[in-house]
Every structure is written in structure tokens, then in C-alpha cells.
Amino acid sequence: MNHKIQVAVIGAGHAGVEAALASARMGISTVLFTMSLDSIANMPCNPSIGGTAKGHLVYEIDALGGEMGRAADLVTLQSRTLNLGKGAAVHSKRVQADRRKYQRIMKHTLEKTENLRLIQAEVVDFSTKTDENGQKRIISVTTQMGEVWECECAIICTGTYLRGRIFVGNVNYASGPDGLLASDGLNTALEREGIALMRFKTGTPARVKRQSIDFSQLEEQPGEGSALPFSVLSDENMFDTVEQIPCHIVYTNANTHGIIHKNIKRSALYSGQIHGTGPRYCPSIEDKIVRFADKERHQLFVEPLGEDTEEMYIQGFSTSLPTDVQYEMLHSLTGFENAEIMRYAYAIEYDCADPTQLEASLEYKSIKGLFGAGQFNGTSGYEEAAAQGLVAGINAALSVKGKEPMILDRSGSYIGTLIDDLVTKGTNEPYRMMTSRSEYRLLLRQDNADLRLTPIGHEVGLIDDERYTRFLEKKSMTEREIERLESTHVSPALANPELEAKGFVPINSGASLAELLRRPSLTYADLAAIDKKRPVLPRSVIATAEISIKYEGYIKRQNAEVRRHAALEEKKLPADIDYKTIKGLRIEAAQKLDKIRPKTVGQASRISGVNPADISVLLIYLGIR
């Protein structure tokens, strides 16, 4: 059977879901293939969404018109903001999610979306056609059942399924995550078409029966009742009255470490069975014990998988040790002396592709119409996957429409930073987003994601006019409140009694409310008694206004830095440039530039192995060309 479709999405994990929804919502006929309808938007690792820098990505996904934030709000068991003791740039929302409820919501959302077909089938091959200019273009994908789907674009979102292999001690077998089938056909087609693949590894801890844990011996970690939701489509006060499920903290001890050391050679990681590169920032417990031998204990988080299940997840206890050792080290933890394992921990190896083969649109340089997204591009994490899926889905739809791709700048979003890092620098390990990866992180806060990205979402067609009007109203309210705080002055007679009552230093002369707010420990709430005529505003407006005033000087500095770098970002490099012929360019730089083929001088400056002297040579070359 032959079918015709405009965009085919391969894989229905977090990347595939966002890609398919974006494409279909932009009016493009789309089909989403998944090996199992029951594994859509699965969370095979930790049952959470958000976290340090990852929360920023979720806010940005929502601001562009993606789905992850809205669904996460609906399934939140507990919400917390991380890094509150630090500056606003690194405040990151993280929620414990009801894993199965999240899957049900996402599956039903896909089923109800116009222009979108959802099909349980494994894609094992694809075909390309070379045009008169020698450019390959994808023309179809083929399923295991032999069905051929003609398409204009295809997006590969295979996650950890591609030639997936599970490792538990000396036992290993072909499998995807959670005991699902591995995908073993598509990798052959990719290699045939010249796509370079890599082998990465990740892992997950055991799931433990709730009733077998003695929670009285654990440290309780309550939720944050006043937290704002991820999505602007959610009621911002939704968590104020909801009773949140607590998480708990437990620590490894000398006994735990001794058990691991005694059995270290039985770990698949240390016995030489695993050859894939694992994530540096989310290592297995045995890797932690070896790498951080000076640490007497490691913190573990005990988290629920959902409201209607007894399974508990032990974050930080990932391992590939045999099952008998898993029991022994689990029982060494305080409160886990009688713990029962419901699912054993495992490591998983899988194929992914070198992301430097991609344009910033996530389209392959060598095959027009073929896009990659998610862990297939060498990343780790649900949020990184969803962000890439959204971008790939948008750009596939724009390609079908004959429009220019949406390229997000690294100075305007963490999504832009993520993609720029991948396609410019590549990665030799599962890439994880962190706030430290951005040189503009004070500009890329959670609270202003909509100000940065909603106009773009509206332009591409994912933000409707009604939502965009609400966005403009919120933006106007924020600007008016900042102006009001700057222009409203108070006298020492009015301000000092309240300031002194709260332990703040009094003022000697009149000051604006904004000047008071710039004091490091003074908050918008602290000024309520002084600010008699303040309007009633949404909490999201207050948050952005307060941060904008409090960090005004730093924000101006970063904006100036963005402007300084803009000249390099705008200076285009010719597509036909032959780096080997440029005099003065080092051999290593020429080789790296030839491989990556950067679009701008700014992108060239971020390639590993290209130094400032090489950039100077490039600028001179462009000036005399």
C-alpha cells in the first residue's frame, strides 16, 4: 500500500509528540509513527518535568506554542522552584508528574488534533531522490509492514530505541526502555544514506514498592504551594489550594559504598560490556562512588510515579549492577531495610547521530527534508527532546510551505543555545542543558520566556490571535507597572517606619519604589504597606516587573554584550567558501570549518578548534573577497 503525507514523524516520545503537534497545528498533513501506542510520551526514567535549566526549556516550549508545559501542569503531584537561594537567572521550576496520566493526556491530545494521524508501526527504511544539482531529498518512509508513505519531510525522533540494548550485570539483550521492543531497521538505512551514528548510554534506577519503605526514617521534602504553573494556559493560582504529595530524601552510607566497591566488576559499566558513552551529569551510583571517592554519602530522592501506583523512583540510584547486588545496596539504605523492588535498574545503550550533520533548523545538510530531534541528536532529558521536536516540527511545516526556517538565536532562548551547541560544537556524551551553558542567562529567565518567544510562536502560526492579544495585554501591564514603580516616590516619613519594622536600613531622602526594590533583600511584597495605590496584578506580571527592576543594571550590561556580538552573528559566510585556500587559516580550523560549514562568523567563532586569530583571518578574507 502506498500513502501520501506531507510530514512523517518517526517516534512518539517527547520529541515526536511536539514535532507532530507543531506540524499538524500549522495546517500540514502529518503522520506520527510509534512502535507502541501505549508508550507515547513515556517517562522511562525519572517521573518529573523541569529542573535546573530544564524548567526554562519547558517555559520556552509553552511560549512558542508547544504542549509539554500545559500537560505537565495537569499532572503535577508536587511543584518546587529550585535554586531560590541564588539569583533569578537560575530559578528553575521542577514538578513531580503522574507518569501514566501524562501519557494519557498526550495520547488523547494527539488523537484529537486535526491534520494528524497516529499509527502503531515501526519505520525501518526511507528513500531519497537526488535532483539535478546533486542534492538528496527524502521522498518516502517505509514501515515494517511494507507500507510506503510518500512524504515531503520526515523527522527522526527515535529516542533510545535505535538498536537499544539493556544491561543488568552480565545479562544483556536487545530492548528499548521499559522492556519495550528495540528498533533495529532504521539504523541500517541511516548508515546507507551517509548519516554518521554514535553509541551512547544512559540508565535508570530500580522502582520500589511504596508500602515496603519506612518513610518515618526519611527526610520529607514538601511541595511549594505558591508556585506558578508552566503554561500561560493554566490558572496561575492552580497550586494554591491543591494538596501536593511529598517527596523524601535518603542518603547512601559507608555500607552502601562498600557493597558497590565489592561488586564493582559485576557492573556492566565496569566489566567492559558497555561501550557507549554515558551522561557526565547523571552518572550511575557505581560511577559516583568511583569518581567521587572522597564523598562519605550521596543524596537520593524518593519520588512517586503517580497517584494510582505504589511504585517509587529513587533518583540518583541508577545502576547496571546485577539484581542481587541491587537488593543488597538498596537494603543498606536507612528506611529501606525491607524494601521490595518492582522493576530492576538497568543501563541502556542506543544509537544516535552526530548533530554537527544538522543545520540550525535541525534539517540534515546532506538530505533535504530529513530532520532529527531529541535523544537521536545526542541529548539527554525529556525537556531537551521536546524543545528540539518543537523546532523540527515547526521547520518541517515551514519547509512544506516553502518558507524560510525558524532559527532561534542563542541570545534569545535556551532552545537556541541548545541547538547552536549541538550543531556547532557537537557532543561526545549525552548533552544536558544547564544555565551555565548560556552566556546570556540573566536575559533568558523563566519569567520572561513569553516576552522573548511568543511573538515568534504567533508568527509561525502556533499562537492564535486570542492568546497573542492576552500576551500583549500582559506585556503592557508589566511595562506600566515598571514605569509606575520608577515614577512613584515616597518620603522618609512614610517609608522608614515600615522599613525599620522589617529590619531594613531607613532612607535619608525621598526615593522611588524602584530604588527601594533594587535593595538586595527587599521584595515587592515588602513594599505593600508603603505602596498604598498599587494595582491588583497577576503574579506573573509582578514577578517580571520585580526582576526587571532589581537586576536592571546587569540586564543592560548583557543586552550591550548581545549588541556587541550581533555584528558577527549577522556577518554571513558564503555557502561555497573553500576554507583550505584561505591564507593564514590554521589547518585544524580549516578542517573544522569545512566540516561544520557555519552560516555566520559568529557561529564559526564557537566551533571547537577555531580561535580568535582564525576569526580575524576570516574577517580579513571576507573584507577583500
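Buried means under 20% relative accessible area, exposed means over 50%, and partly exposed falls in between, using a 1.4 Å probe and protein chains only. By that rule, Leu362 is buried, because its relative accessibility is 0%. This is a predicted model, where local features need pLDDT of at least 70 and side-chain atom pairs count only at pLDDT 80 or more, while totals for chains, interfaces and linings use all residues. Residues are numbered from 1 along each chain as its sequence is written, and side-chain values use heavy atoms, with hydrogens and water left out.

**View 1. Leu362 and Glu363 sit in the loop between strand 21 and strand 22.** Helices (H or I, at least four residues) and strands (E, at least two) are DSSP runs, numbered from the N terminus. Strand 22 covers residues 367–368. Look at the backbone of Leu362: its phi is near 75°, a positive value in a residue other than glycine. Glu363 counts as buried because its relative accessible area is 10%. From Glu363 to Ala373 there are 10 residues in sequence and 9.3 Å in space, C-alpha to C-alpha.

**View 2. Asn83 lies in the loop between strand 5 (76–82) and strand 6.** Here is another positive phi in a residue other than glycine, with a value near 65° for Asn83. Is Asn83 buried or partly exposed? Asn83 counts as partly exposed, because its relative accessibility is 23%.

**View 3. Lys93 belongs to strand 6 (residues 92–97).** Lys93 is buried yet has no salt bridge. A salt bridge is a side-chain nitrogen of Lys or Arg within 4 Å of a carboxyl oxygen of Asp or Glu. For charge, Lys and Arg count as positive and Asp and Glu as negative, while His and the chain ends are not counted. The nearest side chain of opposite charge to Lys93 is Asp73, 5.1 Å away. What does the side chain of Lys93 make a polar contact with? The partner is the side chain of Ser79, at 2.5 Å. A polar contact is a pair of N or O atoms within 3.5 Å; within protein, one must be able to donate a hydrogen and the other to accept it, and residues adjacent in sequence count only if both atoms are side-chain atoms.

**View 4. Glu286 is found in helix 7 (residues 285–291).** Glu286 is also buried without a salt bridge, and Lys201, the nearest side chain of opposite charge, is 6.6 Å away. A polar atom of the Glu286 side chain lies 3.2 Å from the backbone nitrogen of Ser320.

**View 5. Tyr346 is part of strand 21 (residues 346–353).** Tyr346 is buried, because its relative accessible area is 11%. Pro322 is 24 residues from Tyr346 in sequence, and their C-alpha atoms are 8.8 Å apart in space.

**View 6. Ile105 lies in helix 4 (residues 99–112).** Ile105 counts as buried because its relative accessible area is 19%. How far is the C-alpha atom of Ile105 from that of Pro612? The two atoms are separated by 49 Å, and the residues are 507 apart along the chain.
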